[in-house]
Amino acid sequence: MALSLATSQFIIERDETRCIACQVCVRQCANDVHYYDEENDRVLSNDASCVGCHRCVTLCPTRALTVRRNPLEFRPNANWAAETLRNIYKQAETGGMLLTGMGCDQPYRIYWDHIVLNASQVTNPSIDPLREPMELRTYLGAKPERLALCGGAQRNPVLETVLAPQLQLEVPVMFSAMSYGSISFNACASLARAAQAAGTYYNTGEGGLHPALYEYGANTIAQVASGRFGVHLGYLNTAAALEIKIGQGAKPGIGGHLPGEKVSLDISRTRMIPEGADAISPAPHHDIYSIEDLRQLIYALKEATHYTKPVSVKVAAVHNIAPIVSGIVRAGADIVAIDGLRGGTGAAPTVVRNNVGIPIELALAAVDQRLREEGIRHRASIVVAGSIRSSADVVKAIALGADAVYIATAALVAMGCHLCQNCYTGKCNWGIATQDPYLTKRLNPEIGSRRLVNLLRAWSLEIKEMMGGMGVNAIESLRGNRDHLRGVGLNQVELDTLGIRAAGQ
Amino acid sequence: MAWANCENRYNDERVSSACGLFGFMDTTGKRHDGSRAILALQAMKERGNGLGAGFAVYGLYPDWAEYYAFHVMCRDEADRLEVEEYLRRYFRIAHAEPIPHTPVKGMGETPILWRYFVALEGAAEEAQAEEDIIVQHVMRINSQMDGAFVFSSGKDMGIFKGVGHPDQIAEFYRMDTYQGYLWTAHNRFPTNTPGWWGGAHPFGLLDWSVVHNGEISSYGINRRFLEMHGYLCTMRTDTEVVAYAADLIMRRHGLSPEWAAAVLASPLWNEIEAMPEPQRGIYRAIRQTYGPLLLNGPFTVIIARTGQMIGLGDRIRLRPLVAGIKGSMVYISSELSAIHLAEPAIEHTWTPLGGEAVVAHLGVAPEPPSVGCAVSEVAPEVRYA
């Protein structure tokens, strides 16, 4: 093979005074960066293969390792960034489409970071969540326009209205779709256990549901995607809710591809495909070519589950998102999940991930406003994703109009992910985005789920603190309450789209 | 909307205020003058700052009970003629006259105040449809006419309000000349530059009137939910959303006051989970359906309509509310002292729990709650007045 023109992205510095040649780094790195030189009893590193996942740094018992970014050795050029050059070198060498993992890393404006929250002063007491009740409970699903109630509160009350099935969340944060296949069984098990312990839901993604995880069905949202992998009646009926995946924020408009080498016996059984066969999800569902086709699938799923489970439809945030979601609501979805530009993925073409779709903040604001103008906001819950990084993002999303949020990247980070963006290689040193048994055993579902539960608990405490500051003690008083938001450093078009005022106004 | 905005000259998102409230109702329907209400507000002078006071009176216009009584304030005579022309176009005006008033020393400029007794031209198919039409007309006048504001639009009731201390407003409108079976009264302490009479309480729509003490932190979503149901929140006071919410859930959706209280100040989830069925399922459904109408933050309101007076405080009692009963009379107040002053022989007084509504119905003898109620066998000595 000819010499690669793509230079290494990281430099590994080994403090020889600290290194005891224990070879932990050698064993931990699936990219074979570190190797042992027996003759000299030294551990050496080939930093060209390093992806910057920090597994070796974290596990080195003597703290001998430092991984630094390779300083930009190219001549400075505002137009031709180093990454652009590296991409061209790689493509010139391979002739292939460049792949990447996780969400868009380009410096598009992150609107969350230009929105600030309100707090009470004098005219309105703030509420101390340590002393007063502070309610985060959220119900997802279609709500009636009105209730028909007879009788008094105490004497023979009768509710004549029948409510659609609802999901009950103790914290308005759910774990977003990540399939068994794209992530390991242990990662799936961590998410499932954590969802159950925290009173929320996790999403199977499009890879079916491993039989060992059926016991978490009451906290499971089962996805039905274009590949229909692992979809059967038992799968649908085990879950608490169903989700039709139309699109994904990281790769709107394109499908998915799980390479055959990742399709182990277990995955083949779960997905109901031959072992070692590529699992290809077509870009569109081949039975959904228009909105009325979507309606048919929504009702097919409702029929199959006897109208006992809410049906969600997940779409990527694209230019016309408001009318698209309006159509989805009218097609009968109980929940609409919208995944923004920065949503993550296990594998996507880099060019698509970095250039297609719109930021979730703008999509959410536009959708919520449109559904209200059309008088149908109550007919579906809105769940947003891509990307929610902190409790502050959750609060801002809910104040913009979301009923709940999905997190996936944040959940992976809680389990150890260091955002090296190499999920598609299947060599995840953290045991998350891999099927290699040597790697997957690194993630203990006990520990993984505990870390996830901790994350949700910490965010809950922070959300309650922020709500108390705003003087509200129930999340429904925050939901869609854009009066509590102000924009900093945004232009008028952005403010108008977000439906918020500028700070100081 | 320019005139209405003079209350809100800095275009604040909303104007909030702290206040003193008082209301009483004779459940037999016997009409009384307003002296008790005026006296009660004087006892709570600390709760206002002279920048707004008002009264709502039910059973006010027995001679015109079939007509919607529109109380209109206008910037000048041209504005009044404009609104009169509008009313003439859509309504039959049975009677029109200036609202009687007396100049009061210390009060600033006053708007032109008229009342019109009107009926819709042609009968609507049903009562609710007719009321919806009235709501639309009131909203249109208030949001589109520059110098006119309909501040009372119910049948056999009326709102009287303005910028001034309660005693000044009472004297100005000659409140001693009016009789009603239900009175609510308000003394205001706005946190904002005053200037507009329409910003005073009670706030009214149809025969609803609301007096309100508090700041509603959920205003943003309450407003957006009501907008989805056709209410234009143009006044930028949080009191407005209480009136519209009451209209939506009680008149249009037909919920009883008790269920309405469960919407506006719902029980906590752990309280709901502890309820027996079917209550548990119903309260859960109420929060699921009407969650956006939950009034959050500190508030006490007295909501009145024909034959009904409802006192309600927020879920965690951040603003005061007390109630009392004497025979057929029900009293609701911000302070107990005001009740004692208005009715020295009060029989029962109590402090309602957060979110627990005090409801008085015309023709239903009031009953004190079974627990938590103080019984005054001897009238306390009155040291005021």
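## Terms and numbering

Two strands are said to pair if DSSP finds at least two bridges between them, and strands (E, at least two residues) and helices (H or I, at least four residues) are DSSP runs, numbered from the N terminus. The model is predicted, so local features need pLDDT of at least 70 and side-chain atom pairs count only at pLDDT 80 or more, whereas totals for chains, interfaces and linings use all residues. Residues are numbered from 1 along each chain as its sequence is written, while chains are lettered from A and ligands numbered from 1 in the order in which they are written.

## Strand β10 of chain B

Strand β10 of chain B (residues 208-214) pairs in the antiparallel sense with strand β11 of chain B (residues 299-305) over 6 bridges, and within β11(B) the bridge partner of B:S209 is B:A304. Strand β9 of chain B (residues 203-205) is also antiparallel to β10(B), with 3 bridges between them, and here B:S209 is the bridge partner of B:G204.

β9(B) and β10(B) form a hairpin with 2 residues between them, and B:L206 in the turn has a positive phi of about 50°. Because 7 of the 7 residues of β10(B) are buried (20 or more other C-beta atoms within 10 Å of a residue's own, with C-beta atoms placed from the backbone), this strand is largely enclosed by the rest of the structure.

## Chain A as a whole

Chain A contains 15 helices and 23 strands. Of its 505 residues, 50% count as buried, and its C-alpha atoms fill a box of roughly 90 × 60 × 45 Å, taken along the principal axes.

Note on methods:
A residue is buried if 20 or more other C-beta atoms lie within 10 Å of its own, exposed if 12 or fewer, and partly exposed in between; C-beta atoms are placed from the backbone.
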